[in-house]
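Morning, everyone. I have one structure to show, and I'll keep it brief. Please look at the screen.

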Amino acid sequence: MESAVFGLIGVLVGAILTGVREWWFQNRKNKKDAEYLAIQVSCQLERFIAGCAGVAGDDGLCDGQTDKDGYSSIQVESPTLALNDLKVEWKVLPANLMYSILQLPYKAELVAQKTMYEFNHASPPDYSEAFEERQLQYSILGIDASRLVAQLLKHVALAEATPDEWDPIAFMREQKAKIDNLRQKRAADNRNLFEENNESVRPATDA
């Protein structure tokens, strides 16, 4: 009887040890997969961020000049992002983070479509409203991508790279703030003009 009990205990202990060992190896593999994914994806996103910053600084001029016909034209091509080409194990990420990262290429497609629409309806030869919208949208996109890099690296306890002399994220934040302020001022000026016009056409009343 005792031998049977000890045998059962031995079987249980062996099963537990096997389960713990398998868990340890799987956990170690998941950690390595997550670190590899974070490095691969963050490098792709950082290149994408640099591309967004380039677009954010594109006002349609080459060295401050229009083309030979007096037109402004795109100087920096819009960046693309092909995350599905990466051979990484996406399932090691938390669902929310994985979704946010994999949704970014779709957001980039929407921004490209929106800016194309703006150019199709902008006024030549400078297309200023379209270039302003393009700078704004890619600034927002680049800033969003930078947040995802920070979250991704934090998830695997890796430090973010220190910016060089030129910080693309800071530049995009400055561009966004400049355009936001410009649009607020423009809206205020339009309201004031509208009110002044209403005052000028309002009929006089007898005293």
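Start with serine 42, which sits in helix α1, residues 2-56. Bear in mind that this is a predicted model.

Is serine 42 buried or exposed? Its relative accessibility is 5%. The cut-off for buried is under 20%, so serine 42 counts as buried.

What does serine 42 touch, once neighbours within four places in sequence are set aside? Its contacts are Leu37, Val149, Leu152 and Leu153.

Now the wider chain. There are four helices and zero strands. From the N terminus, the order reads α-α-α-α. The chain has 207 residues, and 29% of them are buried. Take the contacts with a separation of 6 or more: 76% of these join residues 24 or more positions apart.

Next, the largest pocket. Its volume is about 350 Å³. The lining has 14 residues, and those closest to the centre are Glu46, Ala161, Pro163, Pro168 and Ile169.

Which helices supply at least two residues each of that lining? They are α1, α3 (128-155) and α4 (168-201). Helix α1 gives the most, with three residues. That is the helix that also holds serine 42.

To recap: serine 42 is buried, and α1 is the top contributor to the lining of the largest pocket. Over to you for discussion.

Terms used
Residues are numbered from 1 along each chain as its sequence is written. This is a predicted model: local features need pLDDT of at least 70, side-chain atom pairs count only at pLDDT 80 or more; totals for chains, interfaces and linings use all residues. Side-chain values use heavy atoms; hydrogens and water are left out. Buried means under 20% relative accessible area, exposed over 50%, partly exposed in between (1.4 Å probe, protein chains only). Contact means heavy atoms within 4.5 Å. On a 1 Å grid over the protein atoms alone, a cavity is a set of points where a 1.4 Å probe fits but cannot get out, and a pocket is an open set with protein on both sides within 12 Å along at least five of seven lines; lining residues have an atom within 4 Å of a point. Grid points are joined across faces, edges and corners, and a volume is the space filled by probe spheres set on the points.
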